[in-house]
Every structure is written in C-alpha cells, then in structure tokens.
Amino acid sequence: MLREQGPRGVAATARPLACAADYAAAARAALPPDVWDYVDGGAGDELTLAANLAAFRRRAVRPRVLVDVAHRDTRTRVLGTDLAAPLAVAPMAYHRLVHPDGESGTARAAAAEGLLTVASTFASQTVEEIAAAAPGRVWFQLYCFRDRGLTADLVGRAQAAGCTALVLTGDAPLMGRRERDIRRGFVLPGDIEPANLRGLPGSGLAGGGLAGGGLAAGGLPGGRDLAAATRELLDPALTWDAVGWLAESSPLPLVIKGVMTAEDAVLAREAGAAAVIVSNHGGRQLDGAPATLDALAEVCDGAAGDIEVYLDGGVRRGLDVLKAVALGARLVLTGRPVLWGLAVAGEHGAREVLRLLKEELDLAMALSGRPSLARLGLDTLAPAEGDT
Ligand SMILES: Cc1cc2nc3c(=O)[nH]c(=O)nc-3n(C[C@H](O)[C@H](O)[C@H](O)COP(=O)(O)O)c2cc1C
Ligand SMILES: O=C(O)C(=O)c1ccccc1
C-alpha cells in the first residue's frame, strides 16, 4: 500500500492512500499548479465535468441478499483482449507531464493488473514504445489530421507496433476552451513533446517548434499557442466518411469515441465501427453536454446490440464501474485517476489506483449480491432521481 509522503518524505506523517480521491489529493500536492489544472480542468463553466461525477453519485444500487458470493468473476473479453475486469485506461495526452515513467509506465501498470491502455495520438512517448511495454494490451487513439497521408501513416505504425484496436476521437473538431489553462498561461514544458509527431514537417508541434520554449495553451506571449498548433493539425471538417475510410483501410477493429446520442450510435454502426465510447471527453470539450452515465441508455438503444458500447467520464470508484456495466457498458474507461497514481508514484502508483478500482468492483459485486458481470443489469440500480 502506498503512503502519502510528509514534508521531505518524513515517514512519521505518511498516511496510507485508501482510494482514488486520496491519490488526487496527493497528486495535487505534488504537481505544479498549472499541470494539476491542465489535468483536472474542463471546458467553460465545467458543468459537464461536474455532471459526470454527479450522475454516478445520484444512482443507488438495489442490493440482493443471501446470494452465494463466495466466488466473484470480474473477467471479460473485449475486442479479442482478455481483461481481468471491464476496465481500461482512457487515452490522455502527455503522461510525462506528471511523471517520467510516462505512457509506458501506465501501460505496464494496466497490463500488470490484466487491463488495457488506450495510447493517445498526443502521447509523450511513441506508440512503438508504449505498445512494446504492454504487448497485446494497448489500443491506439487516433486524431484524424487534415493530412490523410499522415493519418494513414500513424494508423500503419500503430498496427505494426502491435496495437489491437483503433479508437477514433470524434468529439474534438476543435479543442474545447479550457479556461484554467488560459488563466495559468499553461505552457507545455520544453522537454515534453508529442512523440508520435516527432520530425513532422510543418506542424509547428514537433521538432524545433517544441524544443524552443514550449507551447502555450491560451495563446499567451512567451510560448507557442497549443490550441492554435493543434488546430493546424486536426481536421474540423471530419465526417462519418472518414470512419468508413478507416474501417476499410485498417484491419483493426474501430471504436468511435465521443458518441453521446442514439443517432450517432446508428451512424457508427452503419459506418462499420465495432464499438462506440460514450464520452464527453471528461468535460473538456462541449460544456453543456450531459453526463455520460445519463447518455448511456440512448446510445445502447442506437447500438441495438450490433456494436459494443463503452463509457468514460467521472469513474472514480469500482462502484461506478458496476453502475456503468449495469446500464449497458461492456467496458469502462478511467482517465484522470490513472494520472493521479502516476504523479504520486509513477508506474507503481498507476497500478495501485487500477488495483483499488478492481478491488472495489469485486467488493461491490459481492455486497450487491451480483457475483458475475452477467448478473449486472437494469434491475441492479434504483430509478434515477426525477425518473418516473
Ligand atoms: C489530461 C487529459 C488529456 C486527454 N487527452 C486526450 C487525448 O489525447 N485524446 C482523447 O481522445 N481524449 C483525451 N482525453 C479525454 C479522456 O480520454 C477521457 O475521455 C476522459 O478523461 C474521461 O474522463 P475522466 O478523466 O473523468 O475519467 C484527455 C483527458 C485528460 C484529463
Ligand atoms: O487535452 C485533451 O483533452 C486532449 O484531448 C488533447 C488533444 C490534443 C493535444 C493535447 C491534448
């Protein structure tokens, strides 16, 4: 068990870290304030960020008692990968902002717990390094660039590196306005880079562009404008045609991230996707989008059992995983908690956070009288407040 470090690591004040929220507090104390806010923050008034958390808290579980729960089984299989629990690490940019172990540390941590990691296009290590750290347990998150040749190159690299699925992010035609980053004048430190784009001509994000003084999030003087540099790369004209193109051009199963409506679940199905992730990007894109847990039912309706439905956003407890699975998610992804663990104790800390979430899920399954994932269904949860 990890212990919080006291001043200069004084052991006498060290307290055990009992849950993900404890890691958040320890990470906040350890990280520079601008990095904490980059990770923690959402878009606009952070309404959606708060809604994701509130939706999990609102739902109560209907416990069944006197059920034999001597053996619990949290295992599942998702797109050909065997998982110890229906849990994965959501794609996040720049893990080395919080710890030098970076994405390869995260990927090793997840694999050690029998889970998988989605590596971001904007990872601070290359997809080759990350995939090599956790063979068979890495998916690749793709941002589709204006330059389709460059996009196809990245897809080819991810596949050659051994990634077993592609996750196309659909909710970021432009970057959301993260006001904490603007107020802090957040700048990507000069030693952190989007490693997959190394040497990329003309992007302004790689090579010399980065080495010279870093990237500012808010267009403030003293660094490059992160939002502007990302805008130069990402294609705001992206449509479902690109999904069809990707589904045809790569043998890897394709997952669409950011689907929040039944209509878009139907389009994902028709375009050849294998799955969708109900996600509002952790409240970092459209502020005002609903909580993901509240959008899950309609996306499941649209998916109609033809494609799988996953969920991310606000998962902080094993109990949250149980609730999402009960409402139809085959896989639940968690983002910020893994960066909290990584910030506190590198790979070991990330692993501890994932282990805690798994243990909490196992205990919640026992105490709710549902010892297998198959027993988690709509009858597991009490009606949401306000439902009739
Ligand atoms: C620091 C940070 C960086 C992120 N970078 C990406 C990214 O590169 N690509 C992407 O599709 N989503 C990205 N996301 C969104 C996550 O994949 C995920 O949707 C979200 O974090 C889930 O919410 P949670 O953090 O509340 O678990 C990022 C989120 C955070 C917090
Ligand atoms: O911060 C994010 O949420 C994110 O998705 C992103 C995208 C491109 C570069 C850096 C971060």
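Colleague: What's the mean pLDDT of the chain, and what share of residues reach 70 or more?
Modeller: The chain averages a pLDDT of 92, with 89% of its residues at 70 or more. Keep in mind that this is a predicted model.

Colleague: Where is the pLDDT below 50?
Modeller: One such stretch is residues 6-12, which has four contacts in the model beyond near neighbours in sequence. Residues 206-214 also stay under 50.

Colleague: How many contacts does the model have for 206-214?
Modeller: For that stretch there are 21 contacts beyond four places in sequence.

Colleague: And what are the ipTM and pTM?
Modeller: The ipTM is 0.99 and the pTM is 0.94.

Colleague: Switching to helices. How do α1 and α14 pack?
Modeller: Helix α1 (residues 20-30) packs on helix α14 (residues 336-367) at an angle of about 180°, and their axes are 10 Å apart. That angle is why α1 counts as roughly antiparallel to α14.

Colleague: Which residues make that contact?
Modeller: On α1 they are Ala-20, Tyr-23, Ala-24, Ala-26, Ala-27 and Ala-30. On α14 they include Pro-337, Trp-340, Val-344, Val-353, Leu-356 and Leu-357.

Colleague: What's the make-up by class there?
Modeller: The contact of α1 with α14 has 13 nonpolar residues, two polar ones and no charged ones.

Colleague: Ligands, then. Which residues come nearest to ligand 1?
Modeller: Ala-90, Ser-120, Thr-169, Gly-282 and Gly-335 come nearest, out of 22 residues around ligand 1. The shell divides into seven nonpolar, 11 polar and four charged residues.

Colleague: What's around ligand 2?
Modeller: Ala-93, Phe-122, Ala-172, Thr-230, His-281 and Arg-284.

Colleague: And how does that shell divide by class?
Modeller: Around ligand 2 there are three nonpolar residues, two polar and one charged.

Key:
Residues numbered from 1 in each chain as written. Chains lettered and ligands numbered in written order. Predicted model: local features only at pLDDT ≥ 70, side-chain atom pairs only at ≥ 80, totals over all residues. Near = placed C-beta within 6 Å. Nonpolar A, V, L, I, M, F, W, Y, C, P; charged D, E, K, R; others polar. Axes fitted to C-alpha atoms, helices over the stretch in contact; angles between N-to-C directions. Helix = DSSP H or I, 4+ residues; strand = E, 2+ residues; numbered from the N terminus. Parallel < 35°, antiparallel > 145°, perpendicular 65-115°, else oblique. Contact = placed C-beta atoms within 7 Å. pLDDT = per-residue confidence, 0-100.
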